[in-house]
Amino acid sequence: MKPTDTPKTYRVKSFGCQMNVYDGERMGELLEAKGITLAPEGEEADLVVLNTCHIREKATEKVYSDVGRIVKAGRKAGKDPMIAIAGCVAQAEGEEIMKRAPAVGMVVGPQAYHRLGDMVTKAAAGERSTDTDMPEDAKFAALPARRKVAPSAFLTVQEGCDKFCTYCVVPYTRGAEISRPFSALVDEAKRLVEAGAKEITLLGQNVNAWSGSDYAGHAVGLEGLIGELAKVPELQRLRYTTSHPADMHEGLIAAHGEVDKLMPYLHLPVQSGSDRVLKAMNRSHTAESYLKLLDRFRAARPDIALSGDFIVGFPGETDAEFEETLQIVDAVGYAQAYSFKYSPRPGTPAASMDGQIAMEVMDERLQRLQAHLNRDQQAFNEASLGKTCDVLIERKGRKPGQWLGKSPWLQSVFFENELAIGDMVRAELVQAGPSSLQGRLLESVSA
Ligand code: SAH
Ligand code: SF4
Ligand code: F3S
């Protein structure tokens, strides 16, 4: 087919954070509402949406090479696929991509993708278009209703970031912080549950900055929304991510001790254990204030699993400052963590700071940090042995007859029993590996 034909099939490839995964699902729904169906597995699609992430290096180069690959694969299959670039690279580099990649027909930013359908119509008429506007909250109201979803579903409640950490592109690609309205979120959560969700993870770049007014008109924080969602009978589990230490408040901490459906898991990135580095990052917390915050969570919910993000090799980071990061890791004992080498991002203050760190030094620091983090994850898993908990089955495992789900502490738990996606099973955790556990089935809780 020519790119000017109306596409019949689509594929959305999402990279980066869970908010991109959510956006990708919604773009799929939007295209389906237009009569375009998901391309069957192994078949080239007529329309490919690359939903991109700009957080670390080589993001833009990756877009160009992916576009080249899509064009080539499409030609081999006898088509000339329509290509849309969405997500954070689209927002940051959209104009340049339009100039350099003639195969790209559409560039659409994270706040504008509700208009993707019209852009496809235009592209089918041979007109290329770019939309990187940031209209406030117009997007969600304009999207079609939720369709069938996985047992563990995402729900974006807050978008954007006002924190301006000096290394980070998100405030530029996602815009200012906004909270979606309470009633719209409760409605969407109910639709998700009707569509098959048993667990909902509330998403935001700074999800704990969410605020709104409840049905009585009272101002509420995220715990108010969580409390309301916990009343939805068929919804069994709630989670939220990602939080920022600066927006953490007592109500949300207390909710961990009060709301049974709120899972005992907290992702709270610290980035570094050095106060000097944290200040240079514009993180607005210290190592000590962060540790005190975690103590309050542990007081509210003693078994809470902690998770974090780390950056090694921020400009000017000395060996001694890196050691402080290892110290905070040792002090916390994370159940899970994500760690990255600092990557200079165009237009961010840190990119032009003195003292950029050599790649070999970053490699070595990352390896050492990950050794500590892996040790702690293994220790957390081992400490879970003998515990009885519910596991929500999400997918088949790699081996035949194996099924995989998540524990309340977000550990992957596998079973050798015949199960089904969406089963909530009661299990004992009987064997611990570095990144998963084996479960022994006790009884089927619900099908
Ligand atoms: N809003 C969240 C997540 C932001 S992006 C937060 O503030 O915690 C996810 C993670 O990517 C960050 O926590 C940080 O660890 C990492 N990251 C962001 N920018 C980076 C950069 N320029 N180089 C390396 N890692 C980066
Ligand atoms: Fe980026 Fe910092 Fe905002 Fe997180 S809080 S998205 S790291 S600027
Ligand atoms: Fe990446 Fe944008 Fe998310 S840069 S991490 S996709 S907010």
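Reply: Let us begin with a turn in this predicted model, where S18 and S19 form a hairpin with five residues between them, and where Leu410 in the turn has a positive phi of about 65°.

Me: How are the side chains of S19 arranged, and are they buried or exposed?

Reply: In strand S19 (residues 412–415), Ser412 and Phe414 point one way, whereas Val413 and Phe415 point the other way, and all are buried. This can be set beside the general rule that in a regular strand the side chains alternate between the two faces of the sheet.

Me: Why is Leu410 called partly exposed?

Reply: Buried means under 20% relative accessible area and exposed means over 50%; Leu410 has 26% relative accessibility, so it counts as partly exposed. Leu410 belongs to the loop between S18 and S19, and its phi is positive although it is not a glycine.

Me: Which value is noted for the phi of Asn282, and why is Asn282 called partly exposed?

Reply: The phi of Asn282 is near 65°, which is a positive value in a residue other than glycine, and Asn282 is placed in the loop between helix H10 (275–280) and helix H11 (287–300). With 37% relative accessibility, Asn282 falls between the two cut-offs and therefore counts as partly exposed.

Me: How do you know that strand S13 is largely enclosed by the rest of the structure?

Reply: Five of the five residues of strand S13 (residues 237–241) are buried, and therefore the strand is largely enclosed by the rest of the structure. Arg237, Arg239 and Thr241 point one way from S13, while Leu238 and Tyr240 point the other way.

Me: Why does Arg237 count as buried?

Reply: The cut-off for buried is under 20%, and Arg237, which lies in strand S13, has 2% relative accessibility, so it counts as buried. Arg237 and Ile200 are 37 residues apart in sequence, yet their C-alpha atoms are 6.4 Å apart in space.

Me: What joins S13 to strand S10, and what follows Thr241?

Reply: Strand S10 (residues 199–203) and S13 pair in the parallel sense over five bridges, with Leu203 standing opposite Thr241 in S13. The peptide bond from Thr241 to Thr242 is cis, with omega near 0°, and Thr242 is found in the loop between S13 and helix H9 (250–258).

Me: What makes strand S2 and strand S6 edge strands?

Reply: An open sheet of six strands has the order S2-S1-S3-S4-S5-S6, with parallel pairing. Strand S2 (37–38) and strand S6 (129–131) each have a single partner strand, so one side of each is left without a neighbour in the sheet. Inside this order, strand S4 (residues 82–86) and strand S5 (residues 104–108) run parallel and are joined by four bridges, and the partner of Ala84 in S5 is Met106.

Me: How do you know that ligand 1 lies between two domains?

Reply: Both domain 2 (145–263) and domain 3 (298–383) give residues to the shell around ligand 1, so the ligand lies between them. The shell has 15 residues, of which the closest are Tyr167, Gln205, Gln271, Asp309 and Ser343.

Key:
Residues are numbered from 1 along each chain as its sequence is written. Chains are lettered from A and ligands numbered from 1 in the order in which they are written. This is a predicted model: local features need pLDDT of at least 70, side-chain atom pairs count only at pLDDT 80 or more; totals for chains, interfaces and linings use all residues. Side-chain values use heavy atoms; hydrogens and water are left out. A residue is near a molecule or strand if one of its heavy atoms lies within 4 Å of it. Domain bounds come from an automatic or database domain assignment. Buried means under 20% relative accessible area, exposed over 50%, partly exposed in between (1.4 Å probe, protein chains only). Helices (H or I, at least four residues) and strands (E, at least two) are DSSP runs, numbered from the N terminus. Two strands pair if DSSP finds at least two bridges between them.
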